[in-house]
Amino acid sequence: MSSVPESAAARGGASPAPAPRQGAEHTASEYEDEDLGGPLSPLPDEEPALPRWVGIVTAAVPLALGIAGAFGAVDLGVGSISNPGPGLWPLVLSAAMVVASVALLALGHGLHGAERFGRGWRITAVATLSLIVFTYLFEPLGFEITTLLLMAFWLKIIGKETWRMTLTIAVGTTVVVYLVFIMGLSVNLPRLLFF
Amino acid sequence: MDFLDPILFGFGVVLTPTNLVFCLLGVTLGMVIGVLPGLGPTATIAILLPVTYAIPSETAIIMLAGIYYGAQYGGTITSVLLSLPGEASTVVTTFDGYQMARTGRAGNALGIAAVGSFIGATISIVAMTFVAPVVAGFALDFGPPEYTALAVLGILLVSTLGTGAPLKCAIAALLGLLLATVGRDPIVGAQRFTFDVLYLTDGFDFVPIVMGLFGLGEILYQLGARAEAAVATSEVGRAWISKQDFRQSRGAIARGSVIGFFLGILPGGGATLASLVAYGTEKRRSKTPERFGKGAIEGVAGPESANNAAATSSFIPLLTLGIPANSTMAIIFGALLLQGISPGPLLITNNPEVFWGVIDSMYIGNLFLLILSVPMVGLFIRIVRVRASILSPITVVVIMLGVYTVNTSFYDMLVVIGFGILGYLMKKYGFEPGPLVLAFVLGGLLETAFRQSLRIFNGDLLGFVERPISGTLFGAVVLFAVVLPLIRYLRKGRSARKARAEDESKADVGA
């Protein structure tokens with residue numbers, strides 16, 4: 001159906017998508033087996049430990065943020081402690097951020113609670129991309145077509161539902177949205193049909 | 001009696017047809033999302049924020065509150081039947097509840113859970129009805145230094161008592177506080193960290209951030225991690241309670257209710273911790289602890305009473321001090337702010353319809369839930385079968401369209417996506433989004449209070465310690481931020497050596 005252009009766009013752009021640091025966890029060959037992983041493919045059961053550098057990066061990102069924040073705060077003007085300027089509070093926070101990140105680094109707790117990306121990240125990346133496309137088409141095309149397309153894409157391509165299910169749920173949701181948002185709450189949504 | 005008047009006034013608020021309908025809507029929705037593993041009450045409340053613009057404030061909060069405590073009932077059902085906890089706070093229910101279901105006593109487990117939940121919640125509401133006004137009265141004297149201390153303590157407790165690694169939670173909270181500084185300076189009015197972007201002039205909006213972090217982030221996370229669990233429900237038509245069951249679990253329900261009430265008030269405590277502590281207590285007190293984990297009814301009754309009591313009492317700090325005790329309360333805090341109401345000690349006098357309306361709605365809501373979860377439990381069991389591949393697109397559409405309607409803003413949609421990605425990455429790297437949102441909500445209040453305090457003290461930081469209340473609170477901050485982690489760190493070293501020596505100990509509550 002009409003989900004073709006959107007899905008093509010999403011697939012084409014899947015590799016530079018915001019999915020982070022994928023290189024670390026898998027060898028390239030693992031990605032070649034099939035297209036999107038699919039919702040029905042569970043993650044591998046035994047997951048090898050994350051490499052140590054991931055933990056270091058996990059602490060380095062907030063550290064960099066804290067340092068940048070501190071410079072920004074000083075630029076804003078710290079003022080004095082009895083008469084604080086706009087930068088004092090951000091400076092306090094940035095300093096605390098630096099301390100916490102360094103502690104995270106020093107204690108080597110960067111990996112606490114972290115998970116491997118598995119192959120699931122690709123579905124997430126494609127899904128995110130479809131939302132960005134949706135957002136940019138939303139105002140020019142109106143909510144009807146875009147909602148229908150987004151639903152169809154998520155149900156059929158990401159969710160691997162049957163066409164029948166896809167059509168029923170996609171059309172049903174769009175109609176309910178119309179009834180609730182436009183008729184019920186009379187909210188402003190960009191739309192094609194004005195009646 | 002004078003003091004019954006406001007309580008009766010609250011019932012007057014709840015018993016209007018609109019509020020009754022929204023209360024029923026809220027608790028039913030709560031049951032449904034509680035049954036569905038995945039989307040929790042926090043995400044649901046976040047997603048429904050745009051709806052609250054369209055309805056009066058007390059109605060909105062009554063509905064959102066209903067979702068929260070309704071989810072505690074719903075989460076039980078899947079814990080018992082499938083050993084799949086719908087909510088974190090019902091994880092312990094799986095230990096004995098699922099064992100009961102396997103031996104054909106699912107109905108008994110669900111029955112006692114529902115009754116325990118109802119009693120726990122009711123005890124907690126009654127206690128709250130009397131305690132909340134007292135706390136609010138006490139807090140009237142609080143000035144900026146006390147609020148600084150209280151906000152710091154609240155954020156700290158949520159970070160350290162939460163489920164994640166404390167340092168990572170602290171970093172998440174600091175990020176939330178920094179995000180709150182974006183936009184206009186609250187006192188001088190200077191632009192901060194806006195990078196000349198017009199959208200950021202007034203800072204980040206609460207709604208897209210929460211919807212992104214909790215709603216979209218959760219969905220993106222589950223898309224990647226979705227391992228379809230085989231759903232095979234044991235057939236249970238209805239729940240029932242026998243006299244024998246009730247006699248056996250009476251004590252557990254009473255103890256669970258009290259534990260839940262107190263732990264719920266504690267910032268960061270909430271329902272999950274309460275259910276764990278209640279389970280531990282029952283096991284320790286029991287003359288036959290070996291039955292636990294094999295279908296002991298007290299192991300269901302205690303934690304279930306506790307998590308509902310805690311869900312109820314966690315409203316106390318929000319409604320009386322204006323300090324949310326957990327991330328769900330942070331969102332309800334935000335919802336109140338959106339309505340132009342600032343929760344705090346003045347709420348009870350300025351907006352009695354909200355204060356008493358919400359408290360009294362819980363009496364009614366829990367009655368609804370008792371009805372929903374005893375005779376109608378079979379209906380909810382069927383919901384478990386709805387696939388995530390159908391549910392998540394619907395949720396996504398509700399999020400995207402919902403956030404657009406708030407400001408008719410295309411940029412808000414992009415911000416939701418941005419924070420959705422952030423939420424996903426945070427989860428993947430072991431950072432909890434909860435402390436971030438809580439800190440973001442409290443950020444403005446905390447900075448203003450901090451800077452006002454500095455002016456009051458004329459720059460003397462010791463002033464925070466010299467005032468009795470803020471001094472005590474800061475003492476607690478030091479206790480939780482420095483002393484306790486140190487003790488835990490030292491103990492861990494020792495217990496690691498000990499564990500090697502004496503092998504397995506008995507304290508395996510988490511097993």
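Predicted model: local features only at pLDDT ≥ 70, side-chain atom pairs only at ≥ 80, totals over all residues.
Q: How close do the axes of helix α3 (residues 88-107) of chain A and α9(B) come, and at what angle do they cross?
A: Two packed helices are described by the angle between their axes and the distance between the axes. Here the axes of α3(A) and α9(B) come within 9 Å and cross at roughly 160°. (Axes are lines fitted to C-alpha atoms, for helices over the stretch in contact, and angles run from 0 to 180 degrees between N-to-C directions. Residues are numbered from 1 along each chain as its sequence is written, while chains are lettered from A and ligands numbered from 1 in the order in which they are written.

Q: What name goes with that angle between α3(A) and α9(B)?
A: Angles under 35 degrees count as roughly parallel, over 145 as roughly antiparallel, 65 to 115 as roughly perpendicular and the rest as oblique. That is why α3(A) and α9(B) are called roughly antiparallel to each other.

Q: And which hand does the crossing of α3(A) and α9(B) have?
A: A crossing is left-handed if the near helix is turned anticlockwise from the far one by less than a right angle, and right-handed if clockwise. α3(A) passes α9(B) in a left-handed crossing.

Q: Which residues make the contact of α3(A) with α9(B)?
A: Two residues are in contact if their C-beta atoms, placed from the backbone, lie within 7 Å. From α3(A) you'll find, among them, A:W89, A:L93, A:M97 and A:L104. On the α9(B) side they include B:L167, B:K168, B:I171 and B:L174. Sorted by class, this contact has 14 nonpolar, 2 polar and 1 charged. (Ala, Val, Leu, Ile, Met, Phe, Trp, Tyr, Cys and Pro count as nonpolar, Asp, Glu, Lys and Arg as charged, and the others, Gly among them, as polar.)

Q: Let's zoom out. How many residues does each chain give to the contact between chain A and chain B?
A: Chain B puts in 52 residues and chain A 62 residues. On the side of chain B that touches chain A, the elements giving two or more residues are α9 (166-181), α10 (206-225), α19 (388-407), α20 (410-428) and α21 (433-456). α19(B) gives the most to that side, with 11 residues. By class, that side of chain B splits into 33 nonpolar, 10 polar and 9 charged.

Q: What is chain A built from?
A: Chain A has 6 helices and 0 strands. Of its 195 residues, 37% count as buried. (A residue is buried if 20 or more other C-beta atoms lie within 10 Å of its own, exposed if 12 or fewer, and partly exposed in between, with C-beta atoms placed from the backbone.) Take the contacts in chain A between residues at least 6 apart in sequence: 69% of them join residues at least 24 apart.

Q: How confident is the predictor in chain B?
A: Chain B averages a pLDDT of 86, and 92% of the residues score at least 70. Among its elements, helix α23 (residues 468-502) has the lowest mean pLDDT (78) and α20(B) the highest (94). For residues 227-231 of chain B the pLDDT is below 50, and this stretch has 7 contacts beyond near neighbours in sequence. Residues 504-511 of chain B stay under 50 too, with 3 contacts beyond four places in sequence. For the complex, the predictor gives an ipTM of 0.83 and a pTM of 0.84.

Q: Where is B:A481?
A: B:A481 sits in helix α23 of chain B. With 18 other C-beta atoms within 10 Å, B:A481 is partly exposed. C-alpha to C-alpha, B:A481 and B:K168 are 13 Å apart in space and 313 residues apart in sequence.

Q: Which residues does B:P6 touch?
A: B:P6, in helix α1 (residues 4-14) of chain B, touches B:P352 and B:W356, not counting residues up to four places away in sequence. B:P6 counts as partly exposed, with 17 C-beta neighbours inside 10 Å.

Notes
Helix = DSSP H or I, 4+ residues; strand = E, 2+ residues; numbered from the N terminus. pLDDT = per-residue confidence, 0-100.
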